[in-house]
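Please open the structure in a viewer and keep the selection panel at hand. The stops below proceed by selection, each with a short account of what is found there.

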Amino acid sequence: MEQRQSPADDRVDIWSCTPEEREWIIGLALVFFVPLLGLVLWRDWDKIIGLDRDGLIELAISIGHVGIFAVVFAFLVIQGVGMRTLLVEKYRERQDRKLRDSIKENNAQWRSWLKENHPDVPLPPFVDDDTGNDRQQ
């Protein structure tokens, strides 16, 4: 059996969502659809009671529009949450990279200062070499 390498491998349908996202989309679509359906039925109650054929067709079309809106809105909410998560991860990676770069720069300055002012003293173990590994362990 093949092993999945990333969540992106699960994205197979037209909306490109994982099975977990699909469950959330279905749940949110129902959460959005039911109140909007109630609103449409309340608005068109006189058409339902009157059994007007054109009114019922308009009601069916409105219900279809509500269903499509609920699914699309649920999808956008899930994708927005995913995008926010992605942006937070990218921000954290950038901050970590800046921190590592500043530590390397600080260590290089510390090494050069030690070599200039105390050339006969060996570097202490807490100062990194250029590869990022500790010199002494």
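Two rings of Phe, Tyr or Trp are taken as a pair if their centres lie within 6.5 Å, the six-membered ring being the one used for Trp. The model is a predicted one, and by this rule it contains three aromatic pairs.

**First selection: Trp110 and Trp113.** These two residues form a stacked aromatic pair, with 5.5 Å from centre to centre and 15° between the planes. Planes under 30 degrees apart count as stacked. Both residues belong to helix H3 (residues 53-117), and because they are three residues apart there, about one helical turn separates them.

Ring pairs link Phe32, Phe69 and Phe73 into a cluster.

Display residues 19-43, which make up helix H1, together with H3. Two packed helices are described by the angle between their axes and the distance between the axes. At what angle do H1 and H3 pack, and how far apart are their axes? The angle is about 145°, and the axes are 8 Å apart. The crossing of H1 past H3 is right-handed. In the contact of H1 with H3, 21 residues are nonpolar, three are polar and two are charged.

Is Ser62 buried or exposed? Ser62 counts as buried because its relative accessibility is 17%, and the cut-off for buried is under 20%. To display its surroundings, select Val40, Arg43 and Asp44: these are the residues in contact with Ser62 once neighbours within four places in sequence are left aside.

**Final view: the whole protein.** The protein has three helices and zero strands, and from the N terminus on its elements run α-α-α. Of the 137 residues in the protein, 18% are buried; Ser62 is one of the buried residues. Among contacts with a separation of 6 or more, 39% are between residues 24 or more positions apart.

Technical notes
Residues are numbered from 1 along each chain as its sequence is written. This is a predicted model: local features need pLDDT of at least 70, side-chain atom pairs count only at pLDDT 80 or more; totals for chains, interfaces and linings use all residues. Side-chain values use heavy atoms; hydrogens and water are left out. Rings of Phe, Tyr and Trp (its six-membered ring) pair if their centres lie within 6.5 Å; planes under 30 degrees apart count as stacked, over 60 as edge-to-face and the rest as tilted. Helices (H or I, at least four residues) and strands (E, at least two) are DSSP runs, numbered from the N terminus. Axes are lines fitted to C-alpha atoms, for helices over the stretch in contact, and angles run from 0 to 180 degrees between N-to-C directions. A crossing is left-handed if the near helix is turned anticlockwise from the far one by less than a right angle, and right-handed if clockwise. Ala, Val, Leu, Ile, Met, Phe, Trp, Tyr, Cys and Pro count as nonpolar, Asp, Glu, Lys and Arg as charged, and the others, Gly among them, as polar. Buried means under 20% relative accessible area, exposed over 50%, partly exposed in between (1.4 Å probe, protein chains only). Contact means heavy atoms within 4.5 Å.
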